[in-house]
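Subject: Structure handover

Hello,

Below is the structure I said I would pass on. My notes on it follow, helix by helix and then residue by residue.

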Amino acid sequence: MPASPILVTGAAGGIGRRVAGDLLERGLPVRAFVHREDDRSHGLRAAGAEVVSGDLTLAGDVARALDGCRRLYFAMTPSPSLVEATAAAAAAARAQGDLEVFVNMSQMTVSQMDLRSTAESRQHRQHWLGEQVLNWSGLPVTHIRPTVFMENPLLRDLAAASIRRHDQIRLPFGPGRTSPVAARDVADVVAAVLACPAPHVGAVYELTGGASRDLRQLAEEFGAALGRRIVYVDMPYERWARQELGTLALPGHVTDHLATMARLHAANRYDRATGDVQRILGRPPATIADFVAADPERFAPERRS
């Protein structure tokens, strides 16, 4: 067990909060870095984490939070400032000089990108550049590259809403295939790396669900889990963006990222499946049935008056 705390950035967010919880359950000391104090940070403190607040784009704030820590999980919610924050964290880690591992949350799309890539969103390009910065830094880095999350708004919000209202998944993915991964699995992989980092330094882990399949097959999986027939409706992209995606009222940067993910799905850029979750955790990744079972009310039919 490390005597020094493990720094978990983005600890108020979905993956970071799960990582902090996993580590605390293992009996490992956690320092949770949050942007601001709120009910989520109070919950982390109540669970046993030391909580510090600050700005990830300020190297001084990161250095203060990192002081005395030798393991770091770095993640940031979708932001145009991701590269700046990554560089700030790398500078703080290099200045400290004794880091055992820098676990970086990236995205699997990065595996298909290079200097000349232009089809991806700004967020994808930020992740690609962030990985370059960390690779140049000389730090002991492990990159975590999940594919689309089951909890991504494309599935958790938009697909769930159309399942509730119409028993349909209404997305513009065409015949594109996908292999969504559960946030729980990604957090468990991160926690496993942080708990015993030596075998993982320098590795790149690409995390997916168990199989790649098209949306018609995905709809059948939802139907089997819900006990009713769910069908896939391939919507025209522009109409979907206006009538479905636009209803989420998300920041422009996030909306652009989700819209690009939809286009890349239609181009079959998400047709990939790996065994990394199984290899690291010793169990298969979560299924759509698991996803539905965790929150069945989200998919329950709407009552019509």
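Ala59, Val62, Ala63 and Leu66 in α3 meet a set of residues in α4, namely Ala88, Ala89, Ala92, Ala93 and Gln96. Contact here means heavy atoms within 4.5 Å. Helices (H or I, at least four residues) and strands (E, at least two) are DSSP runs, numbered from the N terminus. By class, the contact of α3 with α4 has eight nonpolar residues, one polar and no charged. The classes are these: Ala, Val, Leu, Ile, Met, Phe, Trp, Tyr, Cys and Pro are nonpolar, Asp, Glu, Lys and Arg are charged, and the others, Gly among them, are polar.

This is a predicted model: local features need pLDDT of at least 70, side-chain atom pairs count only at pLDDT 80 or more, and totals for chains, interfaces and linings use all residues. Residues are numbered from 1 along each chain as its sequence is written, and side-chain values use heavy atoms, with hydrogens and water left out.

Helix pairs

Two packed helices are described by the angle between their axes and the distance between the axes. For α3 and α4 the angle is about 50° and the axes are 8 Å apart. Axes are lines fitted to C-alpha atoms, for helices over the stretch in contact, and angles run from 0 to 180 degrees between N-to-C directions. α3 and α4 are therefore oblique to each other; angles under 35 degrees count as roughly parallel, over 145 as roughly antiparallel, 65 to 115 as roughly perpendicular and the rest as oblique. The crossing of α3 with α4 is right-handed, which is to say that the near helix is turned clockwise from the far one by less than a right angle, anticlockwise being left-handed.

Helix α1 (residues 14–25) packs on helix α7 (residues 183–195) at an angle of about 50°, with the axes 9 Å apart. That makes α1 oblique to α7. The crossing of α1 and α7 is right-handed. On the α1 side the contact is made by Ile15, Arg18, Val19, Asp22 and Leu23, and the α7 residues they meet include Ala183, Val186, Ala187 and Leu194. The contact of α1 with α7 has nine nonpolar, no polar and four charged residues.

The axes of α5 and α10 cross at roughly 90° and come within 8 Å. α5 and α10 are therefore roughly perpendicular to each other. Arg122, Gln123 and His124 in α5 meet His253, Asp256, His257, Thr260, Met261 and Leu264 in α10. The residues of this contact of α5 with α10 divide into two nonpolar, five polar and two charged.

Two helices in detail

Helix α4 (residues 82–96) has 15 residues, which at 1.5 Å a residue should span 21 Å, and its end C-alpha atoms are 21 Å apart, which agrees. The expected span is 1.5 Å times one less than the number of residues. The buried residues of α4 include Leu82, Val83, Thr86 and Ala93. Buried means under 20% relative accessible area, exposed over 50%, and partly exposed in between (1.4 Å probe, protein chains only). Among the elements covering the buried residues of α4 are α3, β4, β5 (101–105) and α5. Just after α4, Gly97 takes a positive phi of about 85°.

Helix α10 (residues 252–266) also reaches 21 Å from its first C-alpha to its last, close to the 21 Å expected for its 15 residues. His253, Val254, His257 and Met261 are among the buried residues of α10. The buried residues of α10 pack against α5 (122–137), α6 (153–166), β8 (177–178) and α9 (237–243).

Single residues

Ala249, in the loop between α9 and α10, has a positive phi of about 50° although it is not a glycine. Ala249 is exposed, with a relative accessible area of 69%. Asn268, in the loop between α10 and α11 (276–281), has a positive phi of about 65° and is not a glycine either. At 33% relative accessibility, Asn268 counts as partly exposed.

Cys69 sits in the loop between α3 (59–66) and β4 (71–74), and at 0% relative accessibility it counts as buried. Not counting residues up to four places away in sequence, Cys69 touches Ser4, Pro5, Leu7, Arg31, Gln96, Asp98 and Leu99.

Regards
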